Amino acid sequence: MAAAATEATILELDPSHERAGRVIDDIVRLEKRIFPKHESLARSFHDELKRRNTGLIYSTSGVGDDEEVAGYAMYTCATSLCASITKLAVKESCRRQGLGEALLQAAVDRCRRRRVQRVSLHVDPARTAAVALYRKAGFQVDATIEGYYSAQRNAYRMYMDL
């Protein structure tokens with residue numbers, strides 16, 4: 001495991017904290033850069049955060065005024081039986097350092113603390129690095145969902161039993 005993963009500080013977003021607005025702005029910018037427009041939560045991010053049982057964790061890089069979000073994960077515990085990882089993204093310059101793995105593990109741990117029995121997620125099979133990360137963490141493919149992202153883009157539905 002890369003040194004960055006063991007040193008990554010994972011924080012839970014506290015909407016009442018004075019830094020929350022800046023953190024959300026950073027995440028919205030990352031959303032716009034990383035995900036195609038129709039997959040991005042950038043427009044509905046504030047609404048997503050207001051949803052009951054939704055959590056957001058993130059990690060930062062830089063210090064002081066140069067500090068910005070390096071990666072984040074959003075999860076929803078819809079019921080006591082099942083939770084979903086709805087987003088996981090790492091800034092391009094911070095990839096391949098273990099941060100995605102640390103964020104994924106932190107999100108799964110938070111779901112486990114809520115006594116959720118299964119965590120699921122969707123991923124584009126063409127995102128081979130993401131699929132490999134999820135498999136390494138213990139997720140397995142449950143099904144291929146035809147046209148999930150668009151008419152020509154499918155998704156793997158993956159899960160992990162806790």
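**Notebook: sheet, cores and salt bridges**

I began with helix 4 (residues 99–113), which lies across strand 1, strand 2, strand 3, strand 4 (82–90), strand 5 (118–123) and strand 7 (153–161), and runs at about 160 degrees to strand 4. I take helices (H or I, at least four residues) and strands (E, at least two) as DSSP runs, numbered from the N terminus. For angles I use axes that are lines fitted to C-alpha atoms, for helices over the stretch in contact, with values from 0 to 180 degrees between N-to-C directions. I then looked up helix 5 (residues 128–137), which packs on the sheet and touches strand 4, strand 5, strand 6 and strand 7, its direction making about 15 degrees with that of strand 7.

I note that this is a predicted model, in which local features need pLDDT of at least 70 and side-chain atom pairs count only at pLDDT 80 or more, while totals for chains, interfaces and linings use all residues. Residues are numbered from 1 along each chain as its sequence is written, and side-chain values use heavy atoms, with hydrogens and water left out.

I traced an open sheet of 7 strands in the order 1-2-3-4-5-7-6, with mixed pairing; two strands pair if DSSP finds at least two bridges between them. Strand 1 (11–12) and strand 6 (140–150) stand at the edges with a single partner strand each, so one side of each is left without a neighbour in the sheet. Strand 2 (residues 54–61) and strand 3 (residues 68–76) run antiparallel and are joined by 8 bridges, and I found M74 in strand 3 as the bridge partner of L56.

**Cores**

I looked next for nonpolar cores, meaning sets of buried Ala, Val, Leu, Ile, Met, Phe, Trp, Tyr and Cys residues joined through side-chain atoms within 4.5 Å, where buried means under 20% relative accessible area, exposed over 50%, and partly exposed in between (1.4 Å probe, protein chains only). The largest has 27 residues, and L104, Y134 and F139 have the most contacts inside it. Strand 3, strand 4, helix 4, strand 5, helix 5 and strand 7 are the elements that give two or more residues to this core, and helix 4 gives the most, with 7 residues. Apart from this core lies another, of 15 residues, which include L13, V28, L56 and Y58.

I also listed the contacts (heavy atoms within 4.5 Å) of Y134: leaving aside its neighbours within four places in sequence, Y134 touches L88, L104, L121, V123, F139 and M158.

**Salt bridges**

My search of the whole structure gave 10 salt bridges, each a side-chain nitrogen of Lys or Arg within 4 Å of a carboxyl oxygen of Asp or Glu.

I looked up R110 and E12, whose side chains meet in a salt bridge (2.6 Å, N to O). The pair links distant parts of the chain, with R110 in helix 4 and E12 in strand 1, 98 residues apart. R110 is buried at a relative accessible area of 15%, whereas E12 is partly exposed at 36%.

In the salt bridge of R29 and D26 (2.4 Å, N to O), both residues lie in helix 2 (residues 20–34), 3 residues apart, about one turn of the helix. R29 is partly exposed at 46%, while D26 is buried at 8%.

K91 lies in the loop between strand 4 and helix 4 and E68 in strand 3, so the pair ties together parts that are 23 residues apart in sequence.
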